[in-house]
Amino acid sequence: MEGQSKLASFETAVLPHLDAAYNLARWLTRNDADAEDVVQEAYMRAFKFFGGFHGEDGRAWLLGIVRNTSYTWLQRNRSPELNLPLDDEVHDVKSDDLNPEALLLQKVDAQILRQAVEELPVEFREVLVLRELDEMSYKQIAAVADLPLGTVMSRLARARKRLQQILASHTGTEVLS
Amino acid sequence: MSCQTAQEFIHAYVDGELDLARSLEVAQHMQECEVCASAYRNQTALRSAFKDSSLYYSAPEKLEKRIRSSLRREAKSELGRRSFGWRWLPIGVAVTLVLLMVLVIWRTLPGLRPSADELLAQEIVSNHVRSLQLESHRTDVISSDQHTVKPWFDGKLDFAPPVKDFSSQGFPLMGGRLEYLNNRAVAALIYQRQKHYINLYIWPVEQGNNTGEVATKRQGFNLLHWTNSSMDYWAVSDLNAVELHEFARLAQEAQ
């Protein structure tokens, strides 16, 4: 595939997922300008490696590249964020965790939810964004985040648990103020 | 199903990722367990909160423009990089074909390449010039006596060259020399005409057709070639063509 024909098929298969790419990069970098740079770089990488793409799932393929580019960027610019240990494999559902947060989520407004998601460690943030905003299946998430299926499931569970805790603390603060 | 197991599967249940049998078990458990049922309600509430929240970031328009133009640039430079070799391929093929055709024509058309005779004439002129460069190189056997020169070749050549002295006609024999020409050992006889030297090269040929003299000129030297009695003769000298022809006639009459 050369020049113009490669560009044409790339524009058809990959360019339509620009919003998904930007959304993921924006959530991982938490900054508009950085997200734009990451997406731009990811698209150039994607174009370079487009020969290795065989037309299965353009979105998952692109998001995998966006994710890797984002992590490279985070490592370079915000390495402390990546150093949080995550014990995915351990199912640490303790007995008191079984009590659901006493929380009426219907009342949570977008601003608070956005803030709560941003507070999550990046590994939790990415599975939540892929699941809740991109509505990807576990299998697609596993492909994008390069994780085993079981880890996707446990990480999502832990991400939601943590999110609910953050939301509870935020709404608590709000109630007090 | 225990609460712990149920809550492990609730996420996959909410996400529609649980197989049918497990889904039924989870659903049944929740009917009996208020704690797990409320955990489930929390998850679905969280999911719908996400759905309603417009948390999705859309790419700014300028980003799309930026990426499109970068892609075009990249595609262009890739085309330049990758096809550099291919772009020249047809030209390379054409040049190769032309060269091949030239070679074929050169090999098939005798007029366009030096003939065997021309190459030989060149070889003979070179030999003649070299023989004159050094006095010592001019003759192996110095004698104006044909009866001295002729036997000298015995045992050195697989043929007996006719050796004649033409002193009385103004072409004295100076001597003889062994040479290697036309891929074989040949006899070279040296004659003199005033200040000019004549080399007469002689060797036997397979086909014994007698031919007349063929005159050529090369680098200012006159050459005469003829075949007589199964012998090839090449006479070469800086002597003028008329006198060289006279010499050749003498040599042929003598045989």
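A helix is a DSSP run of H or I with at least four residues, numbered from the N terminus. Its expected span is 1.5 Å times one less than its number of residues.

This is a predicted model: local features need pLDDT of at least 70, side-chain atom pairs count only at pLDDT 80 or more, and totals for chains, interfaces and linings use all residues. Residues are numbered from 1 along each chain as its sequence is written, and chains are lettered from A and ligands numbered from 1 in the order in which they are written.

**Exercise 1.** Compare the reach of helix α4 of chain A with its expected span.

*Solution.* Take residues 58-77, which number 20. From first C-alpha to last, the helix reaches 28 Å. That is close to the 28 Å expected.

**Exercise 2.** Find the buried residues of α4(A) and some of their cover.

*Solution.* Buried means 20 or more other C-beta atoms within 10 Å of the residue's own, with C-beta atoms placed from the backbone. The buried set is A:Ala60, A:Trp61, A:Leu62, A:Leu63, A:Ile65, A:Val66, A:Arg67, A:Thr69 and A:Ser70. Their cover includes α2 (18-29) and α6 (122-133) of chain A.

**Exercise 3.** List the contacts of A:Ala25 beyond four places in sequence.

*Solution.* Contact requires C-beta atoms, placed from the backbone, within 7 Å. The partners are A:Ala35, A:Val38, A:Val39, A:Val66 and A:Ser70.

**Exercise 4.** Describe the side of chain B that touches chain A.

*Solution.* Chain B brings 39 residues to the contact and chain A brings 40 residues. On the chain B side, α4(B) gives the most, with 13 residues.

Definitions and conventions:
Two residues are in contact if their C-beta atoms, placed from the backbone, lie within 7 Å. Helices (H or I, at least four residues) and strands (E, at least two) are DSSP runs, numbered from the N terminus. A residue is buried if 20 or more other C-beta atoms lie within 10 Å of its own, exposed if 12 or fewer, and partly exposed in between; C-beta atoms are placed from the backbone.
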